[in-house]
Amino acid sequence: MKKVFGGAALFLDRSDINTDEIIPAKYLTEVTKEALKPYCLEDLKLDGFDPKGEKLKAARVVISRANFGCGSSREHAPWVFEVNDIHTIIAESYARIFRQNMFNGGMLAIELPKADLDRIFALQSAGTVSIAVDLPQQKVMASAGGKSETLHFEISQFDKALVEAGGWVEFADARY
Amino acid sequence: MGKTIAEKIFDAHLRDEPFPGAKVLNLDRVLCHEITTPVAIADLEVRGKDRVFDPSKIKAVVDHVTPSKDSKTALQAKMLRDWARRHAIKDFFDVGHNGVCHALFPEKGYIRPGFTVIMGDSHTCTHGAFGAFAAGVGTTDLEVGILKGVCAFREPATIRINLNGQLPAQVYAKDAILYVIGQIGVNGATDRVIEFRGPIVESMSMESRMTLCNMAIEAGGTSGICLPDMTTVDYLWPFIQSDYANKEAALADYKKWWSDADAKYEKVLDFDLSRLEPMITYNYKPDCVKPVRELAGAKVDQIYIGTCTNGRIEDLREAAAILKGKQISENVRGIVSPATPKIYQEALKEGIIEIFMAAGFCVTNPTCGACLGMSNGVLAEGEVCASTSNRNFQGRMGKGGMVHLMSPATAAATAITGVITDPRDI
């Protein structure tokens, strides 16, 4: 199933946000993705962030720093974003398994250099930040209160193919 | 140009390179547990593809919450059990035979030098101790692994870490790996293989090498890896003796995987650990590491000895040597989970269980248990655990709880005093 990328941004301004913060292990007893929905980022302690707040409810894109999604291999972490309609993460870097899980599910884990990321973070002072993604052109457009930034991102051909196929199961099933 | 062991394993297993840099490997082992596999099983059913690529290469265990604690975990175990039966996966381990996956599967001889191994569990890197490329993956990779026997990777560069010198008394593999992670950071080996080399690694048992490789992921590593040597052959001998004329022949065969002398590493790091002290984590990241003595005297509420990092017989012996004839503090709760039934039985025979129980420990069945706060041993808000596990994230062992990671010896010493204690001070 193809995903919608872009929308209102939620900023998580810290490196090393881990999978236990994204979805605590006690919820791994669920066997459907949908059941995870209320628990997104439940254990994340960050100034100005409320896991039960309106900002998370409205968010369609998460913007964070380095080594996002480190820790466990649990695909419940990308899934809890997916069932909350967050299909795009933008960060400086990712833990390998989390990044692979995002693309394997047909979602986008976009990497931007720190300087570019800082420009998106800076837009927050102009108002609510909205993100648009042009995957073929590999561009992220961030806008807030009349200001905007257009930034190029790198993505491997393989990761792009996974997103276009709708995920790794679809890709692998057609090929192997 | 020479190759590293990881590059040799990649070359030998390459099935496809759909795009430059994307390597699809054939898999020798797809390991499964009841937390991450059921969603893959359910998805395969929905897709009308409820098949497995090769039941003899798939191994499965119920280990995270066992025996099941409620209806949800009972359903997870049942889904795995029914699936294993339906596909004639004969190496499936259930209540009475089950234990922590990364202790149980090596103990059964399933992991061999040169193998490619995946599992829906981040600590799969443990199996690199045998000279395998072993990587934790998510449920979708697991699902494709089950169905097609392949998994895609960006070929990772290798960081070689030489552990030089000799570990002092009361300082163990756990202290060494905590120190290394403290040096390189939680992001220090992301998308990299860590090849552990040097005299300290060469003199380590397989159990210690597994402790070392287990925590490669805490530095972001895709796989830890050790070169297979006579220690590896000795460990595997009961399972491979019909394949080779003698141990020397097995070793000669395994040496084909060794990294070449002129192999190219992204980085080579040398650590002389001859004066290393027992190490401990503070705060909520595994790279927040300092000598135990700098945290000595801090109060704890619970001691946890076990897990895929430190629940093996060598670990229990190490703790029991300190606990023998002593009582744990009345201010702490002590919990020990031998990692597999075999380890449990050995510990019984050696009188280790007796020592733990006489000291006041609760001995649980083999399970992942308290490590990730999913079943027993969960902390209350504000409580602190001295643990031999591998992850100290905020809330890991229970909401509002705090975990200090340490060796079994340090955990045992801390159990006796009720406060963080260097084992050399007991």
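The model is predicted, so local features need pLDDT of at least 70 and side-chain atom pairs count only at pLDDT 80 or more, while totals for chains, interfaces and linings use all residues. Residues are numbered from 1 along each chain as its sequence is written, chains are lettered from A and ligands numbered from 1 in the order in which they are written, and side-chain values use heavy atoms, with hydrogens and water left out.

Across all chains there are 22 aromatic pairs; rings of Phe, Tyr and Trp (its six-membered ring) pair if their centres lie within 6.5 Å, and planes under 30 degrees apart count as stacked, over 60 as edge-to-face and the rest as tilted. Tyr94(A) and Phe98(A) are stacked, because their ring centres sit 6.3 Å apart with the planes at 10°. Both Tyr94(A) and Phe98(A) are buried (under 20% relative accessible area, with exposed over 50% and partly exposed in between, using a 1.4 Å probe and protein chains only). Over in chain B, Phe356(B) and Phe361(B) pair edge-to-face, at 5.0 Å centre to centre and 80° between the planes. Phe356(B) is buried at 0% relative accessible area, and Phe361(B) also counts as buried, at 5%. One aromatic cluster brings together Phe158(A), Trp168(A), Phe171(A), Tyr176(A) and Phe19(B).

Charges turn up over rings too (NZ of Lys or CZ of Arg within 6 Å of the ring centre and within 35 degrees of the ring normal). Arg65(A) lies over the face of Phe121(A), 3.7 Å from the ring centre, and Lys59(B) does likewise with Tyr110(B), at 4.3 Å.

As for the backbone, Thr66(B) and Pro67(B) are joined by a cis peptide bond, with omega at about -10°. Pro67(B) belongs to the loop between strand S4 (58-61) and H3 of chain B; helices (H or I, at least four residues) and strands (E, at least two) are DSSP runs, numbered from the N terminus. Most residues other than glycine have a negative phi, and most peptide bonds are trans. Leu41(A), though, has a positive phi, near 60°. Leu41(A) sits in the loop between helix H1 (19-22) and helix H2 (54-58) of chain A, and is buried at 0% relative accessibility. Asp191(B) has a positive phi as well, near 65°. The loop between helix H6 (173-184) and strand S10 (192-197) of chain B holds Asp191(B), which is buried with a relative accessible area of 13%.
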